[in-house]
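Reader: I want to know what the labels on this model rest on. Please take me through them.
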Amino acid sequence: MFVILFGLSAGLRAQDGGASKPAAPAQPIAFNHKLHIQTAKLECNDCHESRGDGSTVSMPQPPKCMLCHASVATDKPDIQRLAAAAKNEDSIPWVRVYRVPSFVTFSHKTHTAAGNKCEECHGPVAERTAIALEHPTNMGSCIACHSAKQAPTGCDTCHGIMSKNGHSPFDADGVVLARLQVPSGKTSKSMVSGSSEERRLSAAEAFLHAPML
Ligand code: HEC
Ligand code: HEC
Ligand code: HEC
Ligand code: HEC
Ligand code: HEC
């Protein structure tokens, strides 16, 4: 009985303490999402506006913060540094938390337009005093959600950006399958869905070690 209770409380602690999650990196200014969303009543897109074609969102810079901090909490050292940066037209080098490599296609706009919520990929940001990587951005986690929501899982969905002369090296039906020596008739979809995470990983492994075309 004692053992069971102990196990249970350890489990609960791991859940709310996030013991197994990566820690939040130190930021140049200790920005607090919970305070700004719950107390200052700001919305995500007040600070993270859609940029360009909507693939990425912006990271806020001092002029935006100074809309309030020209008069709010001006005695705090962090706010004084913020004011100095605004005056010198410096930007704050926020330490990035979520990142995908350049050979991966990812767009915020298409994901939010399809009804995916910020929290599904970034956790309950409005409850957080600091941002940590709560959900991994690796290939397995992208594909897990795509499979669950019936979104496409062919290699070229996410790797089409590498395409040269209209040909993607990850082309689901052609080049990549030849390089992976997958028998014709098997689609990339059958490689990634089904039961076999292992087959997908070994496909990626084989791709990495295949000679460049
Ligand atoms: C809509 C107004 C508003 C905007 C815009 C705003 N803040 Fe704040 N901020 C507040 C309020 C309100 C507080 C709480 C002040 C207090 O506790 O006295 C605060 C507090 C802070 C603090 C002190 C936090 C603490 O724990 O004591 C920092 C640092 C801060 N803000 C940074 C920023 C940065 C960086 C930006 C821009 C990315 C920003 N703020 C934009 C309203 C705003
Ligand atoms: C007052 C401005 C402000 C608001 C409002 C705001 N953020 Fe942020 N956000 C920031 C700042 C500043 C950073 C960089 C510092 C940090 O990570 O805390 C950041 C960082 C992030 C990051 C990490 C980005 C990366 O990869 O490095 C995510 C994710 C994020 N915010 C999501 C949200 C979501 C979701 C909301 C709404 C629920 C929101 N933010 C509302 C200012 C804001
Ligand atoms: C389907 C998952 C997903 C959803 C939904 C999502 N994000 Fe992201 N977010 C990501 C990924 C992946 C990255 C890294 C993108 C990159 O490196 O280009 C990222 C990066 C960011 C960044 C850093 C700046 C950037 O564009 O790279 C911020 C800020 C952010 N997200 C905020 C938000 C907010 C606010 C929402 C809701 C309006 C949201 N995200 C919805 C997955 C998501
Ligand atoms: C929370 C669930 C979820 C996660 C996590 C997710 N996706 Fe998606 N993604 C979707 C859904 C749903 C669609 C279908 C959108 C549509 O049909 O309009 C989609 C569509 C796409 C598309 C095709 C549309 C476009 O933007 O060109 C790409 C590419 C894509 N996702 C890349 C990624 C990558 C890369 C990751 C991981 C970094 C990822 N997704 C993580 C749910 C998710
Ligand atoms: C839903 C999006 C998505 C799909 C579909 C997808 N990938 Fe990826 N892939 C990614 C992301 C995101 C990364 C970067 C992983 C990281 O940052 O760790 C990646 C990385 C890779 C890498 C680099 C090595 C590695 O394992 O990190 C290879 C090789 C690769 N993918 C091959 C493939 C092949 C082959 C397919 C089809 C069977 C495929 N990918 C389908 C999103 C996807």
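Reader: Which residues come nearest to ligand 4?
Author: Thr110, Ala114, Cys142, Cys145 and Ala151, out of 20 residues around ligand 4. A residue counts as near if its C-beta atom, placed from the backbone, lies within 6 Å of the molecule. This is a predicted model: local features need pLDDT of at least 70, side-chain atom pairs pLDDT 80 or more, while totals for chains, interfaces and linings use all residues. Residues are numbered from 1 along each chain as its sequence is written, and chains are lettered from A and ligands numbered from 1 in the order written.

Reader: Which helix gives the most to the shell around ligand 4?
Author: H8, with four residues. Helices are DSSP runs of H or I, at least four residues, numbered from the N terminus.

Reader: How does the shell around ligand 4 divide by class?
Author: Nine residues are nonpolar, nine polar and two charged. Ala, Val, Leu, Ile, Met, Phe, Trp, Tyr, Cys and Pro count as nonpolar; Asp, Glu, Lys and Arg as charged; the others, Gly among them, as polar.

Reader: And how does the shell around ligand 2 divide?
Author: Into 14 nonpolar, five polar and two charged residues.

Reader: Why is glutamine 150 called exposed?
Author: Glutamine 150 has 7 other C-beta atoms within 10 Å. Exposed means 12 or fewer; buried means 20 or more; partly exposed is in between, with C-beta atoms placed from the backbone. So glutamine 150 is exposed.

Terms used: Helix = DSSP H or I, 4+ residues; strand = E, 2+ residues; numbered from the N terminus.
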